[in-house]
Structure formats: structure tokens, C-alpha cells
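Student: Could we go through the aromatic side chains here, setting each value against the definition behind it?

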Amino acid sequence: MSAKTDWRRTFGLREAGVYYALLILLFVLAAIGSSRGLPPYLSAENLGNIAYQASLIGIMGVAMTVMLITGAFDLSVASVAALAAAVLVGLAGSIGFVPAALAALCTAAAVGLINGAIVQFVGINAFIVTLGTLTAVRGLVLILTGGRSLMVENPDVLAHMLAFESTRVPLFWPALAIAVAVVGTGIMRRRPLPIAAGLAVGALALLAGPGVAVAAPVVYLAIFTLVMWAVLRFTVIGRRLYAVGGNAEAARLSGVNVHAYKLAAFVLSSVAAGFAGVLFGCRLGAINPTALQGSELTVIAAAILGGTSLFGGAGSVVKTVVGALLLFTLTNGFNVLNLGANYQGLIEGVVVVAAAAIYTVGGNRRRVRRPVADTAPEAPPVSEGAPA
């Protein structure tokens, strides 16, 4: 591949469109806010608030991306998160925060195991199975809560929960270190996009100043995204996940245990949803039976905005996080500019459909130009015999 072609692909709409969309949206909202005499929209406080609002959806979105890469689907994540929050809030007062959080995560993992086992070993479509689980788990939440709101009444436990969720983490020096690492990696691998991303992170950190800090869920999201990105990008496990989603039969014939990888993706998705539920329960110290209802669609929308294929074999967890930030920037902008909630759903839906259309049209054009099967950049060929 020529250097010219690589640059065109790297900065094309299909590869970098979600980054362009986020930057354009931020500057448009900043310009509108400035013209109306509102406080600076691009302030560190407001950007941190957007990241905080997007953190729970981002955590579930990263795991959903891994699941979509394997070619499966999980509609039950919001219900699982609500169930984990109900278990946490229901048990924390009697057994303490940490045991209650572990019980919530184990409960979520059990739901993922059941989902995966039914899909893989019974052979029912994942859409049908998780649609049923969505309803069943929400019913379980209603049973556990008795149809009413629950809250943690022990002040010591509640303080522990709030500290876990609401602690402010200084970000200036870690952001600069990450920027230097990303730029260095981009230079060594001759990849222009990481270089640009690292420079952008460094510039934002310098603009925000040494006093910038974010809430703990943003840090959890960043760590989870970094770990999953490294697994998908650099390990045999990641390559096999792409291979399973790209062509399950070919992966099976290559010796890959397709059932195990898809089952693990279901468990990962549910555990991530459970962790998001724990954070949600800690944030409020209470749980409503209808909490997080409908959030599964936002999670899937974030993955679609990030360019993840619904047919498996392609996707990026980093772009999914940017997709989540894009959705919550829209919501935040509507609230800050007081543009009216009636238009939010309409515009968010149009954005998701437009993004899907761009990725589909771009993919079709590339397939026409290149008859060789297209693969994600994170999906190098599976090398059997290498250690897993």
C-alpha cells in the first residue's frame, strides 16, 4: 500500500469521520454559546461533565463493541446494569459495599453466561435471546425492588459508595504522559492518526491547565478502553475475536474455539454492564425499577457511530468511546443552549442513521475499488500456533 493511499484512508470519512463529527459539533456549540453570551462551552469543567455523563454508556459500549466484533448482539445490557445496581443497593447496607459490589458483578456474569450458553449451545439467535433476557431481567429488578425505589440507609456504606464513584482524579500529568506515549508509538509505527490523537490530547491538557480533574468513572472508562484496545490490537486473543466475527467457519477450521470466544464476549458484556450498574448505584445511593431503561439503544448507537460492523469482524473500542462522547455532547449542547428536549431524539436518530450510511457507502466503494476482502485495521490474520 502506497504512503499516499494510507494517508487518504487514515484521514478519510470512514476511518476518522467520528473524530471530525465530534470536533465540528464541539466548535459549533461553542460558537452558538458564545454568540448568546453563555459561559465558555469548551471549558474544562463542561468537557469533564460530558465525559462523566458518557462514562457509563462508554463502559458498556466498549464491551458491546467486542461482542459485535464477534458477530453477536446483546440487547440486555441496560437491564443487567439495573439488576446489578439493585443487588448492590439491596445488599450494601447489610454486608458492606465491597461484598455487595462483588455479588452484583457475579450476578451480571451469570446473566451473560446464560445468554451465551443459550445462543451458542441451543442455537437461538442472539437478538431473540437477549431481547427475552432484557424483559426477564427487568422483571427480576421489579421483583427485587418490590416495584419501588430502594436506597442505602447506612451512612458509612453510603459514604464509601460515593467515594468510589465521585472521587475527583487529577488529570493533567497523566494526560501529558499518555499524549507523549501515544505520539511516540505513532512515530515508531509510522501511523499518523495516533500522532494526531496524541497531539490533540496534549493540547487539550495544556489548555485545561494543571488544575483539571475528572470523576472516577471517566478514569475507569479510560483504563477499560485502553486494556481492551491493547487486547484487540496486540494479542492473539484479539486477532481471534476478529477472525471469529469475520468468518466463524474459517476460524473454526483454523483451530479457534469459536464457542469459547463468543461465550466470553457475552460474559464480558454483562460484567461491564454490571460494573456500570455498580457505578450507577453508587452515584445515587439508590435504585429505581425503571433505571437505565432504554440505555441499550444508546450503547448500540455509540458503537455504530464508531463504525463497528453489525455483521462482525470489524470495530474499534476507541471510536465507540468517541461515539458515546458525540451522543452526550449533543445532549449536553441541547441542555446548555436550552434548545428544547423535543428535538433531541430526532436529531440523535438522524446522526446515527447518517453515520451508518457513511460507513456503508464508504465500505461499498472500497470493495468496488479493491476486490480483495476488506478487514478492519485491527484484524491481522490469525497466526495459529502462537501462544494465546
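This is a predicted model: local features need pLDDT of at least 70, side-chain atom pairs count only at pLDDT 80 or more; totals for chains, interfaces and linings use all residues.

Student: Why is Phe172 called buried?

Tutor: Buried means under 20% relative accessible area, exposed over 50% and partly exposed in between, with a 1.4 Å probe and protein chains only. Phe172 has 9% relative accessibility, so it counts as buried.

Student: What makes the pair of Phe172 and Trp173 edge-to-face?

Tutor: Rings of Phe, Tyr and Trp (its six-membered ring) pair if their centres lie within 6.5 Å, and planes under 30 degrees apart count as stacked, over 60 as edge-to-face and the rest as tilted. The centres of Phe172 and Trp173 are 5.0 Å apart and their planes stand at 75°, so the pair is edge-to-face.

Student: How many aromatic pairs does a search of the whole structure find, and why is the one formed by Phe164 and Tyr220 called stacked?

Tutor: The search finds seven aromatic pairs. Phe164 and Tyr220 form one that is stacked, at 5.2 Å centre to centre with 25° between the planes.

Student: How do you know that Phe164 is partly exposed?

Tutor: Its relative accessible area is 24%, so Phe164 is partly exposed.

Conventions
Residues are numbered from 1 along each chain as its sequence is written. Side-chain values use heavy atoms; hydrogens and water are left out.
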